[in-house]
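Reader: I am new to this structure. Please take a close look at one part of it, then lead me on from there.

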Amino acid sequence: MGKKVLIVDDSNTMRKIVTRALRQAGLDFEEILEATDGQEALDKIRENPVDIVLSDINMPNMDGLTFLREKGADGAIKDIPVVMITTEAGDDVIGEARSLGAAGSIKKPFTPDQIDETVGALI
Amino acid sequence: MVAAMDRAMLNAVADTFENLAFMEALPASGGRPETDNETLSAALLLHEPLQGEIRIAFSRRLMTAVASTVFGLPEQDCTDTTLRDVSAEVLNTISGRFLSEMLPEHQAFRIGLPEILPPDLVEKAEDWREWNFEADGHPFAVSLLELSQPDLPEGQEAAGCCSTC
């Protein structure tokens, strides 16, 4: 069965850029889902589990760190790997994301190679 | 100090346009784009450790070209909503990259969400630092208003966060 990915970002532009980068990296996903914030992401993966989530941190309504916290508390979805894609890549933020269960992080702007290196290793 | 800030902004802009839109963005001496109904401008607040604001102003034509590349759409199919979203994301990415270059390695920073400015706030203000660029033959400008110096741990210095140098 093909792999599924969920891209979480309040920016439609960034969701398209991530989709493009996945394609250029040669990562062949059967289905690419999108969500605009952490709450929508939780709703989508509870309904339709995916193989990996790529998420921004700084989002309205529910940010990426809260999404990680909520996902980690839900036994049905806690093991889905999450890679943070963000401009705010200081050690504090990335460290907190890791402590909440993030499997990796990528700093914007990124290249397809960077996506392949991080995401490819997790799927 | 000024040179370091210039270098950081040049790298941030060049990397962002290259990776987002496959465009080459270079410093330009021709001045900022003329402000008219076809100018798009976005702003983003800097919260920690620098406090201030970054703005970007570019022509609708440039953002249409960027959006066309990002979304894989013909330029005529790029809506106002799409252009605003692209503008905001370009500013968001440039800002993050700029701060990464300016601040000590591993220094955390916090920025706000980008917002599109109404046309009457697009004009350059005197106390802003401005950089002029050109991409795909279209001029654009990035401006920085720095309200405070970074409050960094003892022994650490920012790469060039000094608007008075």
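Author: Asn61(A) sits in the loop between strand S3 (52-55) and helix H3 (64-72) of chain A. Helices (H or I, at least four residues) and strands (E, at least two) are DSSP runs, numbered from the N terminus. The model is predicted: local features need pLDDT of at least 70, side-chain atom pairs count only at pLDDT 80 or more, and totals for chains, interfaces and linings use all residues. Residues are numbered from 1 along each chain as its sequence is written, chains are lettered from A and ligands numbered from 1 in the order in which they are written, and side-chain values use heavy atoms, leaving out hydrogens and water.

Asn61(A) is not a glycine, yet its phi is positive, about 70°. Its relative accessibility is 66%, so Asn61(A) counts as exposed. Exposed means over 50% relative accessible area, buried under 20%, and partly exposed in between (1.4 Å probe, protein chains only).

Asp136(B) is no glycine either, and its phi is positive at about 55°. It lies in the loop between strand S6 (129-135) and strand S7 (138-148) of chain B. With a relative accessible area of 52%, Asp136(B) is exposed.

Now another loop of chain A. Pro109(A) lies between strand S5 (104-107) and helix H5 (112-119). A cis peptide bond joins it to Lys108(A), with omega about -10°.

Lys108(A) also reaches the other chain. Its side chain forms a salt bridge with Glu89(B), at 3.2 Å from N to O. Such a bridge is a side-chain nitrogen of Lys or Arg within 4 Å of a carboxyl oxygen of Asp or Glu. The count between the two chains is one. Helix H1 (12-24) and helix H4 (91-99) of chain A each give two or more residues to the side that touches chain B. H1(A) gives the most, seven residues.

In total, 22 residues of chain A are in contact (heavy atoms within 4.5 Å) with 25 residues of chain B.

Ile115(A) touches residues including Leu22(A), Ile85(A) and Phe110(A), not counting residues up to four places away in sequence.
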